[in-house]
Amino acid sequence: MLSSLRRFSFRSSIVTASIRINRIVYQSTAEVLSDNQKVGEDEFLKAKPFHQIPGPKGLPFIGPVYELLKNDRYYQKKMHRYLQMNGEKYGPIFKLKIGQSLFVCIHKPEDMVKVFQAEGKYPNRGPNVPWVEYRKQNNKSNGLLTSSRAYNIIFENRCNGLNVNESEEWRKFRSVMDKKLLKVKDVTAYSERMNNVVTDFITLIKNNQNENVDGEITDLKDCLYKWSFETIAAVLYNRRLGTFQDPPNALAQQFYQSVCSMFTITGDLFSVPPYYKYIKTKTWKEYCRIWDTMFQIAGQLVNEERSRLLQRVNADSNISKHSINSTKEMDFLEYVLSRGELSPEEITGNAIDIMIGGVDT
């Protein structure tokens with residue numbers, strides 16, 4: 001059976017989690033799970049062979065891509081309904097091949113728990129290949145969502161004796177980022193600014209309703225994306241970017257539209273083989289231009305915060321740039337800069353990854 005299961009969340013998926021399968025490391029699932037005492041031995045000894053997992057067959061090489069693209073890409077736009085449909089047809093565990101990618105999709109929360117328990121020290125989300133390939137081609141820093149070594153192992157056949165789940169780069173990023181994003185005390189410090197975003201979001205919804213005679217909201221998804229974008233930006237950059245302003249702040253609008261466009265094209269690229277590794281089409285060039293804009297704006301915001309921090313350090317001799325004590329009351333970006341463990345490029349790469357993860361969620 002195949003092992004080294006890797007999580008991958010389809011955009012807009014509500015009822016299904018999916019696991020991407022490594023096609024390089026072959027060993028039994030039972031052997032992987034046996035390392036985790038939380039999973040009962042009887043369960044994995046009774047596990048069926050991988051080839052018995054049901055799922056849609058689709059066409060050779062491309063799988064069920066036709067199902068996703070027909071009817072004006074209905075199921076590609078509403079992936080959660082496609083996964084739910086297959087779950088009802090094939091059961092709570094089924095496999096799905098889209099393009100070059102093979103997934104095992106699970107529906108039951110208790111099964112998701114078992115997957116998380118088997119992750120180990122270096123959980124491997126699996127690369128979103130277009131994201132990773134853009135950074136590779138354009139010499140951009142990885143982040144929490146793009147730092148997996150699995151990309152080189154799977155797509156470049158460079159293993160160098162490393163286990164597929166090893167990702168010290170991810171661990172390095174995580175050790176710096178999680179202090180200000182996962183601790184309850186630090187997270188509560190963001191509550192006021194997040195509530196302010198919610199207030200503006202409610203105002204936007206009411207204005208949207210008032211513009212329609214029947215009171216319907218014309219584009220709820222856009223409103224929700226703006227809310228999540230503005231919220232995570234307020235946490236990351238310690239400032240409101242201004243997507244709720246009327247008119248919106250020009251820089252914020254450019255950043256927001258770039259993130260949304262990136263998601264749209266990523267969905268298209270995900271359904272096809274990674275031709276963009278060798279052929280630079282018009283679509284790929286546009287995709288890279290969008291990412292360039294995201295890196296340029298995020299880098300600008302990081303540099304502005306870095307300049308403010310240096311001004312504080314120079315103005316107050318009691319503040320040490322490398323003093324842990326001086327970072328306790330700092331906001332996220334100020335704290336990460338003060339740690340001095342990541343380069344400005346690495347901070348920018350991680351800020352973008354956290355932002356797109358927050359917006360998509």
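Contact means that heavy atoms lie within 4.5 Å of each other. The structure shown here is a predicted model, in which local features need pLDDT of at least 70, side-chain atom pairs count only at pLDDT 80 or more, and totals for chains, interfaces and linings use all residues. Residues are numbered from 1 along each chain as its sequence is written, and side-chain values use heavy atoms, with hydrogens and water left out.

**Helix α4**

- Helices (H or I, at least four residues) and strands (E, at least two) are DSSP runs, numbered from the N terminus.
- Helix α4 takes in residues 79-90, twelve residues in total.
- From first C-alpha to last, α4 reaches 16 Å, close to the 16 Å expected at 1.5 Å a residue. The expected span is 1.5 Å times one less than the number of residues.
- Which residues of α4 are buried? They are Met79, Tyr82, Leu83, Asn86 and Gly87. These residues sit on the same side of α4, because they cover an arc of only 135° around the axis. The arc is that of the directions from the helix axis to the C-beta atoms.
- Buried means under 20% relative accessible area, exposed means over 50%, and partly exposed is in between (1.4 Å probe, protein chains only).
- Glu88 and Lys89 are exposed, on the face of α4 turned away from its buried side.
- What covers the buried residues of α4? The cover includes α3 (65-77), β3 (93-98) and β4 (101-106).
- Gly91 follows α4, and its phi is positive, near 105°.

**A buried lysine**

- Lys226 is found in helix α11, residues 220-237.
- Is Lys226 buried or exposed? Lys226 counts as buried, because its relative accessibility is 13%.
- Lys226 is in contact with Thr243, Phe244 and Tyr256, leaving aside its neighbours within four places in sequence.

**Aromatic rings**

- Rings of Phe, Tyr and Trp (its six-membered ring) pair if their centres lie within 6.5 Å. Planes under 30 degrees apart count as stacked, over 60 as edge-to-face and the rest as tilted.
- How many aromatic pairs does a search of the whole structure find? The search finds 15.
- Tyr90 and Phe94 form a tilted pair, because their planes are at 35°, with ring centres 6.5 Å apart.
- Tyr90 counts as partly exposed, at 24% relative accessibility. Phe94 counts as buried, at 0%.
- Phe229 and Phe255 form an edge-to-face pair, because their planes are at 90°, with ring centres 5.6 Å apart.
- Phe229 lies in helix α11 and Phe255 in helix α12 (residues 250-270), so this pair ties together parts that are 26 residues apart in sequence.
- Phe229 is buried at 0% relative accessibility. Phe255 is buried too, with a relative accessible area of 1%.
- Ring pairs also link a cluster: Trp131, Tyr134, Tyr275, Tyr276, Trp284, Tyr287, Trp291 and Phe295.
- Lys180 lies over the face of Tyr335, 5.4 Å from the ring centre. A charge sits over a ring if NZ of Lys or CZ of Arg is within 6 Å of the ring centre and within 35 degrees of the ring normal.

**Salt bridges**

- Side chains of opposite charge can pair when their charged atoms come close.
- A salt bridge is a side-chain nitrogen of Lys or Arg within 4 Å of a carboxyl oxygen of Asp or Glu. By this rule the structure has twelve salt bridges.
- Asp331 and Arg193 meet in a salt bridge, at 2.7 Å from N to O. Asp331 is in the loop between α13 (282-315) and α14 (332-339), and Arg193 is in helix α10 (residues 191-210), 138 residues apart. Both Asp331 and Arg193 are buried.
- Asp200 forms a salt bridge with Arg240, with the closest N and O atoms 2.7 Å apart. This pair links helix α10, which holds Asp200, to the loop between α11 and α12, which holds Arg240, 40 residues apart.
- Asp200 counts as partly exposed, at 30% relative accessibility. Arg240 counts as partly exposed, at 32%.
- Glu304 forms a salt bridge with Arg239, with the closest N and O atoms 2.5 Å apart. Glu304 is in helix α13 and Arg239 in the loop between α11 and α12, 65 residues apart.
- Glu304 is partly exposed at 27% relative accessible area, and Arg239 is partly exposed at 31%.
- Salt bridges that share partners join Asp200, Glu230 and Arg240 into one network.
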